[in-house]
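Hi,

Here is the structure I said I'd pass on.

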Amino acid sequence: MKLSPEDQKKRDDRIRQSELMGDRLAAEESLVRLPRGDLLLKYQQKAVDRMFAGVSLLAIEKSRRVGLTWGVGSFATLKASSAVEAGGQNVWYMGYDKDMTLEFIEVCSMWARAFNLIAGDVQEEEVLYTDENGREQGIKAFSIRFASGFRITALPSVPRALRGKQGIVIIDEAAFHKDVEEVLKSAMALLIWGGQVVVISTHDGISNPFNKLLDDISSGNRRGERMKITFKDAMENGLYERVAMVAETKGVDLEPKEEWEANIRASYGDDAGEELDCVPKVGSGSLLKIEDIAACEHEEAGLSDFYQGGLCYVGRDVARRNDGQIQYCMELLGDVLWQRDTYEEVGQTFAHQDAFFDGLFKRRRIASAWIDQTGMGEPVVEALQVKHGSLRVVGELLTGPNRLDLATSLKDHFETHRIRIRKDLMTRSDLLAIKKVGSEQSGGVRIVNDSSVHADRFWAYALACRAHDMGAELYEHHGPRGQSGKRGDAGWQHPDDRGQERGSRFRGRGAW
């Protein structure tokens with residue numbers, strides 16, 4: 001029997017909690033075997049020592065899956081369980097999703113038992129905060145309260161949830177938070193009242209705000225300390241032996257150390273440098289976030305039958321043989337662009353491509369159409385401007401600053417959810433293939449492609465969004481024999497049309 005989405009989610013949550021419980025029990029059983037002074041590996045202990053030293057801002061770049069969060073959980077547990085005079089404080093942990101928050105709070109619960117501390121059970125509760133409009137909102141969080149009166153609270157990534165809080169903030173996998181800059185800004189306010197901020201992450205590109213934070217600390221632009229824990233560091237400090245011990249409690253034997261390490265590195269392929277060696281990639285860190293793309297996908301997008309007679313904006317990426325030949329017609333409804341007509345081909349003639357394009361001008365109220373004029377696009381743009389007018393058909397060279405303008409326009413539409421596209425894996429791949437390198441502050445921003453993807457769909461959407469953002473020169477619609485036509489009929493007038501005098505000319509996006 002097929003489960004409803006709600007029941008499926010509940011089932012997935014139960015499975016995930018069961019997996020976490022298994023990992024926790026294995027870790028607890030391993031702790032019993034360790035000498036009291038060897039609970040943490042050397043690199044874990046070094047990080048915890050710096051936290052106990054009271055470093056106000058500590059940024060740690062780390063390899064994937066070296067157990068640092070597990071070690072940090074011991075620090076959080078000891079701080080929250082301590083009395084005020086012993087330095088006790090509330091601890092606020094923020095992960096980028098619910099699984100991370102639950103996993104951390106379970107780790108802290110394990111440490112509380114291991115240290116024989118008096119603590120309550122893990123509770124799910126609502127944490128209140130004020131949103132940007134001044135309204136009170138609530139988010140679900142997990143927490144443990146200690147006899148000291150302090151607590152550990154694990155929050156999802158909502159920057160404003162940290163506003164007004166006091167204590168210690170731990171931001172885990174910071175590079176992967178949706179809005180890490182706002183998270184950091186909210187966290188820094190805690191420093192005013194003697195708090196502490198610990199920022200931990202694997203890298204996600206050289207232009208990611210987490211990497212910028214590290215650079216700011218190194219250059220002295222921001223006061224704080226930074227640490228680095230590579231996979232090599234972890235291996236030299238007993239990671240393999242600890243993993244093998246935990247695996248043994250589950251009845252699993254690991255392959256020999258050298259083979260195990262080689263297999264781990266091989267599994268990351270070209271990403272091993274960034275994921276394991278703390279070397280941020282120049283080309284990683286997608287301009288668009290996957291959660292924004294997912295939020296803008298809609299089952300009714302890309303279906304021409306849903307056209308409602310609104311103004312349309314077209315983006316076209318020109319190609320002839322190997323690359324994608326893409327045309328998207330986007331209808332403006334309210335302030336949202338909805339994908340309606342879709343042309344995605346490879347190897348088609350220019351005549352075939354132009355026939356689809358010309359058909360849009362007959363079936364839709366085209367306000368503006370922007371076309372990639374680079375290279376072979378030059379004659380295409382010239383011919384279509386003769387047909388449809390140079391005010392409504394605009395050619396754009398996809399070079400330098402133009403690429404940045406186009407990409408920024410598309411990014412804005414996705415971040416504000418003012419675009420609706422069809423759900424398609426190839427489309428997602430194209431949208432995620434464009435990276436932003438550098439920063440506005442340095443003046444060195446560039447937009448680069450992932451070398452394995454040409455991103456034709458990205459640029460077609462970007463051209464359509466740019467067409468909308470720049471506005472258009474519009475003309476009154478007339479049906480046959482000068483009568484006003486129904487919404488969606490052909491008959492738009494522009495300067496290059498015959499009978500131009502029949503159209504009342506006016507400028508403005510959305511004018512009719």
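**Helix packing and the sheet**

Helices α2 and α3 cross in a right-handed way. Bear in mind that this is a predicted model. The two helices, α2 at residues 42–52 and α3 at residues 68–81, pack at about 35°, and their axes lie 9 Å apart.

Which residues of α2 meet α3? On the α2 side they are Gln44, Ala47, Val48, Met51 and Phe52. Their partners in α3 are Leu68, Trp70, Gly71, Val72, Ser74, Phe75, Leu78 and Lys79. Sorted by type, the residues of this contact come out as 9 nonpolar, 3 polar and 1 charged.

Now the sheet. It is open, has 8 strands with mixed pairing, and runs in the order β3-β4-β5-β2-β6-β7-β1-β8. At the edges sit β3 (123–130) and β8 (225–229), each pairing on one side only. On average, and ignoring direction, neighbouring strands are turned by 25° against each other.

- α5 (residues 180–188) touches β1 (57–62), β2 (91–94), β6 (168–172) and β7 (196–201), and its direction makes about 165° with that of β6.
- α6 (residues 209–219) touches β1, β7 and β8, and its direction makes about 125° with that of β1.

Cheers

Notes:
Residues are numbered from 1 along each chain as its sequence is written. This is a predicted model: local features need pLDDT of at least 70, side-chain atom pairs count only at pLDDT 80 or more; totals for chains, interfaces and linings use all residues. Side-chain values use heavy atoms; hydrogens and water are left out. Axes are lines fitted to C-alpha atoms, for helices over the stretch in contact, and angles run from 0 to 180 degrees between N-to-C directions. Helices (H or I, at least four residues) and strands (E, at least two) are DSSP runs, numbered from the N terminus. A crossing is left-handed if the near helix is turned anticlockwise from the far one by less than a right angle, and right-handed if clockwise. Contact means heavy atoms within 4.5 Å. Ala, Val, Leu, Ile, Met, Phe, Trp, Tyr, Cys and Pro count as nonpolar, Asp, Glu, Lys and Arg as charged, and the others, Gly among them, as polar. Two strands pair if DSSP finds at least two bridges between them.
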